[in-house]
Every structure is written in C-alpha cells, then in structure tokens.
Amino acid sequence: MIIDCHGHYTTTPPQHQAFRDAQLARLADGSLPPAAPAVISDDEIRDSVENHQLKLLRQRGGDLMIFSPKASGMEHHVPDPDTARAWAAASNDLIHRVVGLFPEHFAGVCQLPQVPGGRLDGVVAELRRCVEELGFVGCNLNPDPSGGHWTSPPLTDPYWFPLYEAMTELDVPAMVHVSTSCNPSFHTLGAHYLNADTSAFMQLLEGDLFTRFPTLRFVIPHGGGAVPYHWGRYRGLAMRMGRPDPAGLLRENVYFDSCVYHQPGIDLLLDVAGTANVLFASEMLGAVRGADPATGVEWDDTKTYLDRAGLDEAQRHQVFEANARRVYPRLHTRLVSEGR
C-alpha cells in the first residue's frame, strides 16, 4: 500500500473562498452581516477532487492520501478567535465530506483555529471534535501564527502543553506547517515554509520536550527544510550546547516527509534521516506544479524519485506505508478495520 502523508485541499469549490472573503469583509466593517459557511453540493466536491488530487494519486500509483485544508489558506495571522474557529470548522467539515465521498483514498487531518498569542482552548476543542467526531487522524500545527514575524514562543514552551496533552491522549501526530507569510521578506512557498521547518527542528533540538511528552510525534514537512543538508551543523551545535545528538529526535518523535522535488535532495534525505524516519508525501496539489524540463518528471511526483533511490523492499515498505501507519496509529486502526 502507498500512503501519501501530505496532501492539501487546494481545489475547493469557489463558494468556500467566498465564505472566507465574507468573514474578512465583516472584520473590516462590523455593519456587515455575519458570514455563513458556503452551501456546496456533493457533486461539486467530487468534481473538485476527482479531476485533481485523486486523478494524480491514481495515475502515480498511490492508494491513500492524508488530506488537510489548504495550508496557505489557514491564515492564522487574522487575530479574531471566533473567526478562526468558524473558518477552521468549515474547512475541516469539507475535508470530512471528501473522506466520506472517497473513503478508500483519503483520511483527514485538521486545521487548528490558531491566532497569534491566542489561548489554546478553542484549538484543543477543534482537535477533539475532528478526531473524536469526524475520525481525523492528525492535525496541522502552525509554529508561527503571526505569518512570518515569529511572535509565538518556541514549540518547547509550556504555552503549547495543553495541545500536546490532547495530542498524546488522542494519540495523534501534528505536521508542523505554517500558513501564508505576512512578511514581504519571506516568500510563502520558497522561504517561509522552509524557514519554519528548519526553525521547528532547531527549537526541538534545544529543548527537552520529549522527556515530558515521550509519545508526542511531529512530522516536519518539505524534507525537513534545511536540516538534512546541514546535519553536521546541527550535530555540532548540539555538542556545543551540551545537548544530545539530534539523531535521538529521529527515533520515535520527529519524522520528515519526502516533499523534496529533485533526485539529489531525496537521496540526501534518505541517507541522513534514514528510511525509518521518512514518510512518503507529495504535497499535491501544492507549491510546485508542472514538470522539470531537464527530466520530464513532474516536480511533485516524489514517488518517481523514491523509485529511483535504490531502496530495497523493506525500505520501500517503511517509506511508502509502515512509517505512516506507525506515526498515524488511528489511520492504521482504520485500515485494519477495513481489511487493509
């Protein structure tokens, strides 16, 4: 079985974005009526998925995608908690409908209603709703709700502990994924995302988070940002600070996905992180679309790169299936119940 751990609903019917636009308009002008979630038919959802993510998943040999709302559309920088809760709920409900329409091919991961510096009560409540009521298998956690200004405490700070307590109780992981950049110095897709991946790993290296939460699991997307390329730097910094070897993080708590869009990058990721800590992912349809003119391979067809990485059958099984089942145990339980 081939499980893609990183897909986004970037092709929602336009009514969903219209709801968001109405939310933002009302924040700017309180005299406007409250926005109501869009009315979207099942046929419109089918059309938005069958001709995009599902079509490519099938063409490229995948079986199931762990699916979440559009990352750049989470827009956690908008400071109103009520707006954030309504937007997250509407986005997650759409994911739930996709899973219901295509249960063989999708599993849900939720958007959290984060706001800069906000309380986490509503965040935990939405996580519980999505996991306990909608059957989701994980969440996306934004370490920088400010959108590129980094006003939140590091991921090892007690601020985040209420969320971690819920995650460990529910036994679900978080993909560490920022949203859009509000800082013109950081391009959302080319800088902000990768900055966050790299910064999150460094934060974890500096702290003792997993002593307190030994079963907490994070997936750092986009191949871990700069981490594999600068592995020697992180090992050296750890020694200089009297911290454990960062390889210890890559045992049971921190994993990287394979959203790296060229062969040398995939090869390096596998060599540094090891196949036990890499989860197959494509991020389709996401940041980079089209084909590499030098190879003819679609940029986000990461399965092609993994197929060419020289993995043996045991390693392929780890990357394409076993690691996802281990990191997302609720997904594993669901698949077993379905005879898969």
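**Figure 1. The loop that holds leucine 285.** Leucine 285 lies in the loop between β8 (278-279) and α11 (302-307); helices (H or I, at least four residues) and strands (E, at least two) are DSSP runs, numbered from the N terminus. The model is predicted, and local features need pLDDT of at least 70, side-chain atom pairs count only at pLDDT 80 or more, and totals for chains, interfaces and linings use all residues. Residues are numbered from 1 along each chain as its sequence is written, and side-chain values use heavy atoms, with hydrogens and water left out. The peptide bond joining methionine 284 and leucine 285 is cis, with omega about -10°. Glutamate 283 is placed in the loop between β8 and α11 and has a positive phi of about 65° although it is not a glycine. Most residues other than glycine have a negative phi, and most peptide bonds are trans. Glutamate 283 counts as buried at 4% relative accessibility (buried means under 20% relative accessible area, exposed over 50%, partly exposed in between; 1.4 Å probe, protein chains only).

**Figure 2. Helix α6 and aspartate 171.** In helix α6 (residues 161-170), the buried residues include Phe161, Leu163, Tyr164, Ala166, Met167 and Leu170. Among the elements that cover them are α5, β4 (138-141), β5 (174-176), α8 (209-212), β6 (218-220) and α13 (329-337). At 32% relative accessibility, aspartate 171 is partly exposed.

Figure 3. Glutamate 126 belongs to helix α5 (residues 121-133) and is buried, with a relative accessible area of 8%. Leaving aside residues up to four places away in sequence, glutamate 126 touches Ala88, Ala89, Asn92, Gln111 and Pro113 (contact means heavy atoms within 4.5 Å). Its side chain makes a polar contact of 2.8 Å with the side chain of asparagine 92; such a contact is a pair of N or O atoms within 3.5 Å, and within protein one must be able to donate a hydrogen and the other to accept it, while residues adjacent in sequence count only if both atoms are side-chain atoms.
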